[in-house]
Amino acid sequence: MLALQINTTACDGSDMFWPWFLWLLAAFILGIILGWLLSKIFGGTNDTTDYSSKIKSLEADLAACRKEKGVLAATAAATTASLAAAVIPAKAIIPAKADDSIKDDLTKVEGIGPKIKGLLNDDGIWSFKQLSESELSRLQKILDNAGPRYRVHKPKTWSAQAKMAAEGKWTELAKWQDELKGGL
């Protein structure tokens, strides 16, 4: 086995280990003394504070906050209950669901093909009556959301055509549709 051996002899043959060791030991002790003096002069921190009193204080604050939260929750529940009793019944607020039982062939309206009919059905428009009651902005939004190939369609006359179809005015609708080009 190879052992590491440090040669501590100087050129003149004297042993240099002890002088170097004493210099290093003196520097170490001097560093400790200097550090202690500097900490005393510049106010080094010897924080030996008892944290148990701070912890107890914070726990007391937390308990007070939880108690206040409980009081506020009870007050909020009571307020909500009193408001719920004073509000108009929910039936008056909720709009009636669209009647999906009547499913007309919306492709009879000029400008509506099978794909646009599917888009209208997906949005809850199944009958001529529902289409006639739909606003132009809603119809345009359905087309815009479907993508660029549907944006070219203009639903300007769809509601009027659907109203005529719902009322059974098929001959008048056919005359008007002969004049229309793509629903315009």
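**Entry: basis.** I am working on a predicted model, in which local features need pLDDT of at least 70, side-chain atom pairs count only at pLDDT 80 or more, and totals for chains, interfaces and linings use all residues. Residues are numbered from 1 along each chain as its sequence is written, and side-chain values use heavy atoms, with hydrogens and water left out.

**Entry: aromatic pairs.** I took rings of Phe, Tyr and Trp (its six-membered ring) as paired if their centres lie within 6.5 Å, with planes under 30 degrees apart called stacked, over 60 edge-to-face and the rest tilted. The structure holds four aromatic pairs. One of them is Phe17 with Trp18, edge-to-face at 5.0 Å centre to centre and 80° between the planes. Trp18 also pairs with Phe21, again edge-to-face, at 5.7 Å centre to centre with 90° between the planes. I noted that Trp18 and Phe21 are three residues apart in helix H1 (residues 17–41), and therefore separated by about one helical turn; helices here are DSSP runs (H or I, at least four residues), numbered from the N terminus.

For accessibility I used relative accessible area (buried under 20%, exposed over 50%, partly exposed in between; 1.4 Å probe, protein chains only). Trp18 counts as exposed because its value is 52%, whereas Phe17 at 40% is partly exposed, and Phe21 at 39% is partly exposed.

**Entry: Ser39.** I then moved along helix H1 to Ser39, which is partly exposed at 30% relative accessible area. A polar atom of the Ser39 side chain lies 2.8 Å from the backbone oxygen of Trp36.

**Entry: lysines over rings.** I counted a charge as over a ring if NZ of Lys or CZ of Arg is within 6 Å of the ring centre and within 35 degrees of the ring normal. Lys103 lies over the face of Trp126, 4.4 Å from the ring centre, and Lys108 lies over the face of Trp170, 5.5 Å from the ring centre.

**Entry: nonpolar core.** Which residues have the most contacts inside the largest nonpolar core? A core is a set of buried Ala, Val, Leu, Ile, Met, Phe, Trp, Tyr and Cys residues joined through side-chain atoms within 4.5 Å. The largest has 17 residues, and those with the most contacts inside it are Leu106, Ile112, Ile116, Leu120, Ile125, Leu131 and Trp158. Helices H4 (114–122), H5 (128–133), H6 (136–146) and H7 (158–166) each supply at least two residues of this core, and H7 gives the largest share, four residues.

Notes: Polar contact = N/O pair within 3.5 Å; in protein donor to acceptor, adjacent residues only side chain to side chain.
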